[in-house]
Amino acid sequence: MADRSSSNVVKKRPPQKGQKRRNDIYVNRKTDFAAQLERCQKSLDSSEQEVRIHGLGAAINRAINLAMQLEQRGQGTVELSTTTSSVKLVDDFEPEDDDHEEYSKVRTNSAVHIRVYKKPLSQVNSEGASKTAT
């Protein structure tokens, strides 16, 4: 077994994603929040019935905030459906010298998947009517 106490260069592989759909939004901490919000809003304002927001690790809070902003902007016309998962990530360790072997480590990280979808018009209209009646 290789001695792992030497200095290594760590290369984090990107997480494996399923087949990406047009309405999938992958949130990270580097992209401008306002740009991500506008992209989601544009999708919902077009013919798309839903947007799926995915956040991994440190981006989970941002993904949740993004979905909640869309819900607030929708003023009762959109709903949220949230699921969580654990994602396997692989880190490759490459030694800086030739005396050691490279190796990989698998770790897990939490993820959130939020479906932001338009309510059927009948639901939106009936809720609006019941609010004005009370």
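A salt bridge here is a side-chain nitrogen of Lys or Arg within 4 Å of a carboxyl oxygen of Asp or Glu. The model is a predicted one, where local features need pLDDT of at least 70 and side-chain atom pairs count only at pLDDT 80 or more, while totals for chains, interfaces and linings use all residues. Residues are numbered from 1 along each chain as its sequence is written, and side-chain values use heavy atoms, leaving out hydrogens and water.

Eight salt bridges turn up in the structure. In one of them, Arg73 pairs with Glu38 at 3.0 Å, N to O. Arg73 sits in helix α2 and Glu38 in helix α1, so this pair ties together parts 35 residues apart in sequence (helices being DSSP runs of H or I, at least four residues, and strands runs of E, at least two, numbered from the N terminus). Arg107 and Asp91 also meet, at 2.7 Å, N to O; with Arg107 in strand β5 and Asp91 in strand β4, the pair links parts that are 16 residues apart in sequence. Asp91 is buried, at 8% relative accessible area, whereas Arg107 is partly exposed at 31% (buried means under 20%, exposed over 50%, partly exposed in between, with a 1.4 Å probe and protein chains only).
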